[in-house]
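Let's take a walk through this structure together. Keep the sequence and the 3D view side by side as you read.

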Amino acid sequence: MAVEIGGIKVRFITWAEGVALSEALARKVEESGYVPDVVVAISRGGLVPARIISDVLGVDDVISIGVKYWGLAHRRAEKPVLYHSIEPGVIRDRKTLVVDEVADTGHTLMLAKNLLDLMGAREVKTAVLHLKTTSRFIPDYYAEKIEEWIWLSYPWSRHEDYREFKKKGHDISMYINRIC
């Protein structure tokens, strides 16, 4: 469901859709023959998809790194900021799958991939639920490609989206309640 809120096109993703996209993404990884030793979730948006993907792939080792780039919808920082990382020994010589919910500019995935490469990962592949054509970085796997820019509101970020839109004077509770 897509609506315009304060001049921003927003698509609200339901829980069922988020799970289905995560499972479809895991199947793409599986069909490619790539078998990761560890799944790295980009915190916070990639945490839920990474958990689902790890289950489908049978990978018990799931860890996260924290990268922040976006504020409300189209407002973003100048560059992504790493706010928590992992010990290099956790990644060294291991095949790694990095999972996030969306590649909008691609900067977050680039930062994560470069960091994990520097830490000595054997191989790093990237996966997202949604790839926007605005992304400079094309992940190895994506569930759905978004041709026209739109803010994607996932059910696991509903409280954050609610707060941020409310700060700008927009009440999105009727949409959130409908999808969640």
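**Salt bridges, a sheet and a helix**

A salt bridge here is a side-chain nitrogen of Lys or Arg within 4 Å of a carboxyl oxygen of Asp or Glu. Helices (H or I, at least four residues) and strands (E, at least two) are DSSP runs, numbered from the N terminus. Asp55 is exposed, its relative accessible area being 51%, while Arg51 counts as partly exposed at 49%. For these words, buried means under 20% relative accessible area, exposed over 50%, and partly exposed in between (1.4 Å probe, protein chains only).

Before going on, a word on the source. You are looking at a predicted model, in which local features need pLDDT of at least 70 and side-chain atom pairs count only at pLDDT 80 or more, while totals for chains, interfaces and linings use all residues. Residues are numbered from 1 along each chain as its sequence is written, and side-chain values use heavy atoms, with hydrogens and water left out.

How many salt bridges does a search of the whole structure find? The search finds eleven. One of them links Glu160 to Arg44, with the closest N and O atoms 3.0 Å apart. Glu160 sits in helix α4 (residues 158-167) and Arg44 in the loop between β3 (38-43) and α2 (47-57), so this pair ties together parts that are 116 residues apart in sequence. Both partners are partly exposed, Glu160 at 23% and Arg44 at 48%. Another salt bridge joins Arg11 and Glu17, whose closest N and O atoms are 2.4 Å apart. Arg11 is buried, at 15% relative accessible area, whereas Glu17 is partly exposed at 22%. Through shared partners, salt bridges join Arg11, Glu17 and Glu144 into one network.

Now turn to the open sheet of three strands, which has the order β1-β2-β9 and mixed pairing. Strands pair if DSSP finds at least two bridges between them. β1 (2-5) and β9 (151-153) stand at the edges with a single partner strand each, so one side of each has no neighbour in the sheet. On average, neighbouring strands of this sheet are turned by 35° against each other, direction ignored. β1 pairs with β2 (residues 8-12) in the antiparallel sense over four bridges, and Val3 stands opposite Val10 in β2.

Finally, follow helix α1 (residues 15-32). Which residues of α1 are buried? They are Gly18, Leu21, Ser22, Leu25, Ala26 and Val29. Seen down the axis, the buried residues of α1 fall within an arc of 135°, so they line one face of the helix; the arc is that of the directions from the helix axis to the C-beta atoms. These buried residues pack against α2, β6 (95-103), β7 (123-132) and β8 (141-146), where contact means heavy atoms within 4.5 Å. The face of α1 turned away from its buried side carries the exposed residues Ala16 and Glu31. After α1 comes Gly33, with a positive phi near 90°.

Methods. Axes are lines fitted to C-alpha atoms, for helices over the stretch in contact, and angles run from 0 to 180 degrees between N-to-C directions.
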